[in-house]
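Please read the points below with the sequence and the structure open beside you.

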Amino acid sequence: MENLLWVIPALPFAGALLLILLGGRLPRTVVSLIGVGSVGLSAVLTLLLGFQFLSDAPAGGVYRQEVWQWFNVAGFNPSIAFHLDALSLVFIFVITFVGFLIHLYSTAYMAEDEGFTRFFAYMNLFVGSMLVLVLADNLLLLYLGWEGVGLCSYLLIGFWYKEPQNGYAARKAFIITRVGDTAMAIGLFMLFQYFGTLHIQTISSEATQAWPIGVQPALIIAFLLLGGAVGKSGQLPLQTWLPDAMAGPTPVSALIHAATMVTAGVYLIARMHVLFELAPIAQFTVAVIGAVTLLLAGFSALTQSDLKRVLAYSTISQIGYMFLALGVGAWSAGIFHFMIHAFFKALLFLAAGAIIISLHHEQNMFKMGGLKEKMPAVFWTFLIGAASLAALPLVTAGFYSKDQILWLALAGERGNIWLYLAGLVGAFITAIYTFRMVFITFFGEAKTHLEHPPGKLIVLPLVVLAVLSTVAGFIELPHNFGHVVLFSSFLSPVLPNLPVNESMVPSEWMFQAIAAAFSLAGVFVAYLVYLKRPALHESIRNSGVAMALHRFWYSGWGFDRLYDKLFVQPFVYMATLNKNDFIDSFYHLLTHIARMLNRGMAHTQSGILRWYMMGVVVGALVIITISLLP
Amino acid sequence: MTTLPMEYGLLLAGILFVIGLVSLLIRRNIIFMLISVEIMLNAAGLAFIVAGARWAQADGQVMFIFIVTMAAAEVSVGLALILQLYHNLKTLDSDAANLMYG
């Protein structure tokens, strides 16, 4: 069975290749069969492999399969080899399974689109690249997948390329993530310089032996890798591309910009956790970036009016939680939140997509309203996803994953009261903006005519994801409440468990109660302001400070303007200064001199024989004179 | 028999060469230009003879025979060209033959 590991990423690639080569001639049913089928088969294989992995754990907890050697230059011999351990199993499960549901959904969502084939070709290419990323056993192959998903992200954000601003958003996403990728590439070069290999397991085992904690190269490399992770995962300071990435079709936002690709940074940090443990400063930076990002993005999400942009900021914010968890060393908590987040955020995006397409591509929440009765299935699934995002206590999966992060941010050995407080305030804001979204969209008066109710293929993935958003939380329960540790013990061979400050354990229930209270309070505030007393909302909005804050948060804390002033404008200014390329001026001078000489010499060609004779005589005299000189 | 010093012969050859060169540069009539070239050739030949006599070597005279032969060939080609020029342009002015100028 484990010999089939290579088939999992190969199937989506084959699907993409088939669609690219013959796609134009195939009918839509065949296209969707290829597009959905390839990912579906991968998902089935992943499930089978996962069952085998769980029932009969392999030696060392790893399936490794080398397909072929990529190249061999001066002792550097990366191979196309796949490495399946508990961490990558979680990721490929989410990628193939959620990916399959989103593909299924897309057949209905994109049914009317003229780029149907192109869409599925890109999506399959994306799933294949993402699987390569998480299955790679060396960092070079990981980087190949990393750039592959970046390319697909670019292609799919600009999928409707006839609108110029979509192309702009695509370029923005590509260029900003490239900033992080460059840092990451330099980090890989340095790793190769120190270890002579990019094989992840070798690096991990050698680094712990060769380097003491806090050694400088580890610090630099960890920071460079963090740069890559920050760019890909839309964290501060490279987060500005993600809200604009919503220009792509909604299934793309669900798959790439919520569930999978943006969490590649989380995967990278978890995969290279040994390096980060050797560089405590870098690891603490991860936590701080996560904490700050989750707050900034949360406040921005409060003010957005576009349904998808709310979800985009919320994605940034939730990935901030994952970074926070990674930064305090709660590795499995971060990965657990990744999985739960993939379920409920994909669900929210898909439900939002169902609304958007039913309302004829209307994305402004304030033009929706009153959809509760008209689309009950979408309403209930959206509500479950929103409850999970807002971490409503006990019943939702989001509660268990987020509570674990908050608890470990406080009580873990690298925990810190400030990180905990940031997470807590973030949870409060999350609850407010989530239910603001729910109340504005589904309650109140209907403002837009419903075009057609969503079909079965749209509702089915929603229901599956809604179930997962609820029950998936029960595989990891806090130890004072059920004490189920299936997930963290499953991951423990790969990611070490975080020791907890024992003196705080007895009061754990209190902190859980506080977290629960904060999220409930957030829901209540949203209920009060947006549903019960809209006048309150109006009066808050119309006060001067609130309006200024609203503008500021709406524009994402002015980061776009800041970067425009700081980088784009100076660059454009320098480009205009150097419009005529000062290096060219040297070559222009050369041609100018040649042309001048030519013009001067051309005068001597007069056609008068005696002048030519004179020239010969003068030349001969000059040569004779020179040869006679001593 | 007294022998003339070599310098006299070379001086004569030099004067002849300069006369030929100057007339080549200032004459416009192409026949005179041809004659000037002949004068310069004979000046060179004279220099060879003088040098051959000075060192009592036959090489100088051999070279002179070569020059005479070459001059004959040159004149035949040159006169043919002059005939063609006159045939085409109805003039012997060498400055008129600047049709390929530029």
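1. The expected span of a helix is 1.5 Å times one less than its number of residues. With that in hand, and keeping in mind that this is a predicted model, one can check helix α21 of chain A, which runs over residues 508-532. Its 25 residues should span 36 Å at 1.5 Å a residue, and because its end C-alpha atoms are 34 Å apart, the model agrees with the expectation.

2. Which residues of α21(A) are buried? They are Glu508(A), Phe511(A), Gln512(A), Ala515(A), Ala516(A), Ser519(A), Gly522(A), Val523(A), Ala526(A), Val529(A) and Tyr530(A).

3. The next point concerns chain A as a whole. Its secondary structure comes to 26 helices and two strands, and its C-alpha atoms fill a box of roughly 110 × 60 × 55 Å when taken along the principal axes. Of the 630 residues of chain A, 56% count as buried. Among the contacts in chain A that link residues at least 6 apart in sequence, 81% join residues at least 24 apart.

4. Is Trp380(A) buried or exposed? This residue lies in helix α16 of chain A, residues 376-389, and it counts as exposed because its relative accessibility is 53%, where exposed means over 50%. The C-alpha atom of Trp380(A) is separated by 9.1 Å from that of Val463(A), although the two residues are 83 residues apart along the chain.

5. Finally, please look at where the two chains meet, a contact to which chain B gives 14 residues and chain A gives nine residues. The area buried between chain B and chain A is about 950 Å², and carbon and sulfur atoms give 64% of that area. The count of salt bridges between the chains is one, and this salt bridge is formed by the side chains of Arg610(A) and Asp95(B), at 2.6 Å from N to O. On the side of chain B that touches chain A, the largest share, four residues, comes from helix α1 (residues 6-26) of chain B. The residues on that side divide into eight nonpolar, three polar and three charged.

Notes:
Residues numbered from 1 in each chain as written. Chains lettered and ligands numbered in written order. Predicted model: local features only at pLDDT ≥ 70, side-chain atom pairs only at ≥ 80, totals over all residues. Heavy atoms only, no water. Contact = heavy atoms within 4.5 Å. Buried area = accessible area lost by both parts, 1.4 Å probe. Salt bridge = Lys/Arg side-chain N within 4 Å of Asp/Glu carboxyl O. Nonpolar A, V, L, I, M, F, W, Y, C, P; charged D, E, K, R; others polar. Buried < 20%, exposed > 50% of the residue type's maximum accessible area, 1.4 Å probe, protein only.
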